[in-house]
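Keep the structure open beside you as you read.

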Amino acid sequence: MNQVETRPQLKKAISGLGFFALAFGSMIGVGWITALGGWVEDAGPGGAMLAFTAGGLLMVLIGLCYAELTPMLPVTGGEVAYAYKAYGTSKAFLVGWFLAFGYLSVSAFEAVSVGIILAHLFPQLNVVPLYEIREFTVYLPHLVLAFFFTALITWINYRGVVVAMRVQVILTLLLVSCTALFVFAGIYHGQASHLEPLLVGVTSSDTWKGILAVFVTAPFWFVGFDTIPQAAEERSSSQSVRRLGLYIFLAITGSIIFYVMVMLAATMAAPWQEMVKQDLPTAWAFQSASQAAFQSPILENLVLSAGVIGLLTSWNGFFLAGTRVLFALGRGRIIDARFGQAHARYGTPARAIVFSGIVTALAACLGKGAIGAFIHVGSFCIAVAFLGVALSLLKMRRTFPQANRPYRLPGGKGVACLAAIGSVLILVAMVVPGSPEVLVWPLEWMILLALCLCGLVFWITGSRQRRETDEAERNSLILDEQ
């Protein structure tokens with residue numbers, strides 16, 4: 001086999017700022033507007049901030065595993081390569097499939113959220129009801145918005161990584177600027193008394209259950225730093241592979257600070273017991289503070305503007321990352337090889353992009369009633385992938401001790417063990433009956449079952465190509481090794 005001629009290549013054009021914007025912009029999203037009320041209601045302001053700090057620290061442990069693995073195997077679809085190197089083809093498919101649909105669940109979450117946020121600004125969008133899911137009405141204009149923005153994100157990514165990264169960097173800079181303004185205003189004009197009580201629950205057991213309920217969703221809210229390994233192969237020639245781990249760490253740290261500061265500012269801006277009753281609690285809290293301080297809705301509008309920007313940065317980042325995972329599976333001929341073909345002109349995984357756009361549009365049809373399901377099923381899928389990364393690091397430390405590691409994590413085995421344990425605890429909490437965050441029947445289990453069945457179909461339909469590809473060829477295709 002001639003590796004140079006047969007291994008599909010994506011365009012190499014992502015800068016250091018592009019990698020940071022890709023990860024940080026993906027991690028922020030819009031959940032801090034649409035879901036903050038649920039976090040505070042479950043755990044109280046102090047409990048929610050504690051849960052996010054703990055969840056962020058777990059992500060730091062997982063991120064440190066990536067910091068060693070990504071420079072070691074800087075190829076597209078990082079987790080697929082790690083699992084393949086450590087455990088072989090079937091485990092690479094398992095990790096890659098769950099990760100791809102974890103990313104697509106975030107994409108679906110954003111597709112539904114865009115209608116919710118814009119309807120807050122333009123209530124006339126809540127017309128032409130079509131059907132209900134979980135007692136939430138799906139309106140025609142909301143679906144039209146979801147389809148339009150899905151098509152826009154699909155088109156941006158189809159046209160090339162240069163376009164996608166320019167959009168990501170610009171939007172991330174705008175997001176940081178807007179957030180800094182309203183967080184400062186919320187804390188400066190807010191009142192510490194609004195934070196009381198810091199914790200909720202009649203007993204300490206109830207309090208910790210509430211904190212756990214927020215903590216187990218951390219993979220969904222903090223996922224995004226792992227978009228860097230998906231695009232590692234597309235780094236520009238000026239980017240050292242060793243820096244990729246640094247960008248991962250900076251993105252996680254920045255996101256912890258972002259979430260905690262937004263929660264602090266929002267719960268100081270208005271009484272949180274009233275805030276949690278609102279459809280968009282963060283916007284409502286800053287609306288109250290804005291009226292009191294400025295007699296205008298300036299802060300609310302700033303929050304909503306930041307929300308739309310965060311929605312687009314997260315959507316763009318996860319969409320890009322999910323398509324790279326599918327591309328890696330296709331290029332390695334683990335699934336249909338057509339998913340692993342690069343566009344001749346744009347250098348993008350065109351078929352994976354179109355497929356992801358279709359899946360996102362279909363999922364958006366479930367509407368607001370499925371937002372919780374996207375969060376929980378997405379968290380489950382991403383926790384599976386994170387567990388795979390931690391176990392892959394442990395296995396490769398044993399089986400490939402002399403492999404080239406541009407960055408070797410001090411205490412790597414201990415960190416990987418802690419990351420694996422944390423991932424397992426999240427998975428257990430989501431499947432054990434009686435857990436505060438167990439997957440809910442029927443919708444959440446049906447979505448999980450559907451993606452498993454879809455994965456089974458992809459695995460079966462790719463069986464002939466897997467048989468016809470020997471391991472030496474697959475090593476070259478996935479790992480870029482002779």
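## Where two helices meet

Val95, Phe98, Leu99, Gly102, Ser105, Ala108, Phe109, Val112, Ser113 and Ile116 of H6 touch Ile371, Phe374, Ile375, Gly378, Phe380, Cys381, Ile382, Val384, Ala385 and Gly388 of H17, where contact means heavy atoms within 4.5 Å. Sorted by type, the residues of this contact are 15 nonpolar, five polar and no charged (Ala, Val, Leu, Ile, Met, Phe, Trp, Tyr, Cys and Pro count as nonpolar, Asp, Glu, Lys and Arg as charged, the others, Gly among them, as polar).

The model is predicted: local features need pLDDT of at least 70, side-chain atom pairs count only at pLDDT 80 or more, and totals for chains, interfaces and linings use all residues. Residues are numbered from 1 along each chain as its sequence is written, and side-chain values use heavy atoms, with hydrogens and water left out.

## How the helices cross

The axes of H6 (residues 89-121) and H17 (residues 371-399) come within 8 Å and cross at roughly 155 degrees. H6 is therefore roughly antiparallel to H17 (an angle over 145 degrees).

## The cysteines

How many disulfides are there? The count is zero, a disulfide being a pair of cysteine sulfur atoms within 2.5 Å.

Cys381, one of the H17 contact residues, has its sulfur 7.3 Å from the closest cysteine sulfur, in Cys452, too far for a bond. Cys381 is buried at 1% relative accessibility (buried means under 20% relative accessible area, exposed over 50%, partly exposed in between, with a 1.4 Å probe and protein chains only). For Cys365, the closest cysteine sulfur is 16 Å away, in Cys454, again too far for a bond. Cys365 is partly exposed, at 23% relative accessible area.

Conventions: Axes are lines fitted to C-alpha atoms, for helices over the stretch in contact, and angles run from 0 to 180 degrees between N-to-C directions. Helices (H or I, at least four residues) and strands (E, at least two) are DSSP runs, numbered from the N terminus. Angles under 35 degrees count as roughly parallel, over 145 as roughly antiparallel, 65 to 115 as roughly perpendicular and the rest as oblique.
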